[in-house]
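Please examine the sequence and the structure shown here before reading the report.

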Amino acid sequence: MEDDRVWAFEESLWTGDAAHYRESIDESALMVVPQPPYVLESQAAVDAVSQTPRWERVTISDGRIVRPQEGLIVIAYGIEATKGDERYVAHCTSTYRRLEHEVWKVVQHQQTPPLTAEVRADAG
């Protein structure tokens with residue numbers, strides 16, 4: 001999958017409808033999200049995220065793509081998503097595996113909102 005298609009696919013997971021989400025997520029997927037129950041797997045991941053409202057606009061920044069082996073793509077990026085007055089910002093990773101020619105599924109996704117406090121070295 002070419003880089004432009006990777007980013008278009010990832011964006012569609014933020015803006016697409018529940019049916020698109022269900023067809024794009026692998027049945028063995030693992031997800032980590034910033035609200036309980038935090039760690040989701042398999043059908044629970046698909047169910048939880050397909051029931052969330054879709055974002056109207058997303059901006060992906062600082063995107064990175066690696067292809068550690070044939071049929072495997074790992075991405076990391078920043079996201080800013082908006083819907084009306086609601087805004088969401090996070091750092092994310094996703095991993096895709098190819099099932100067959102041009103058929104890719106998400107097997108891992110993680111979201112980490114920005115930290116609210118700085119980590120500082122002990123001055124003592």
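## The largest pocket

This is a predicted model. Its largest pocket has a volume of about 440 Å³. Among the 24 residues lining this pocket, V49, T52, R54, W55 and Q111 are the closest to the centre. Two or more lining residues come from each of the elements α1 (3-15), β1 (25-32), α3 (42-50), β5 (86-100) and β6 (103-112).

V32 counts as partly exposed because its relative accessibility is 37%, a value between the limits of 20% and 50%.

## Salt bridges

Side chains of opposite charge can pair when their charged atoms come close. The structure contains 8 salt bridges.

One of them joins R98 to E70, with 2.6 Å between the closest N and O atoms. This pair connects distant parts of the chain, 28 residues apart: R98 lies in strand β5, and E70 lies in the loop between β3 (57-69) and β4 (72-83). With a relative accessible area of 34%, R98 is partly exposed, whereas E70, at 65%, is exposed.

Another salt bridge is formed by the side chains of R87 and E80 (3.0 Å, N to O). R87 is exposed, its relative accessible area being 55%, while E80 is partly exposed at 31%. D62 and R64 also meet in a salt bridge through their side chains (3.0 Å, N to O), and both D62 and R64 are exposed.

Notes. Residues are numbered from 1 along each chain as its sequence is written. This is a predicted model: local features need pLDDT of at least 70, side-chain atom pairs count only at pLDDT 80 or more; totals for chains, interfaces and linings use all residues. Side-chain values use heavy atoms; hydrogens and water are left out. On a 1 Å grid over the protein atoms alone, a cavity is a set of points where a 1.4 Å probe fits but cannot get out, and a pocket is an open set with protein on both sides within 12 Å along at least five of seven lines; lining residues have an atom within 4 Å of a point. Grid points are joined across faces, edges and corners, and a volume is the space filled by probe spheres set on the points. Helices (H or I, at least four residues) and strands (E, at least two) are DSSP runs, numbered from the N terminus. Buried means under 20% relative accessible area, exposed over 50%, partly exposed in between (1.4 Å probe, protein chains only). A salt bridge is a side-chain nitrogen of Lys or Arg within 4 Å of a carboxyl oxygen of Asp or Glu.
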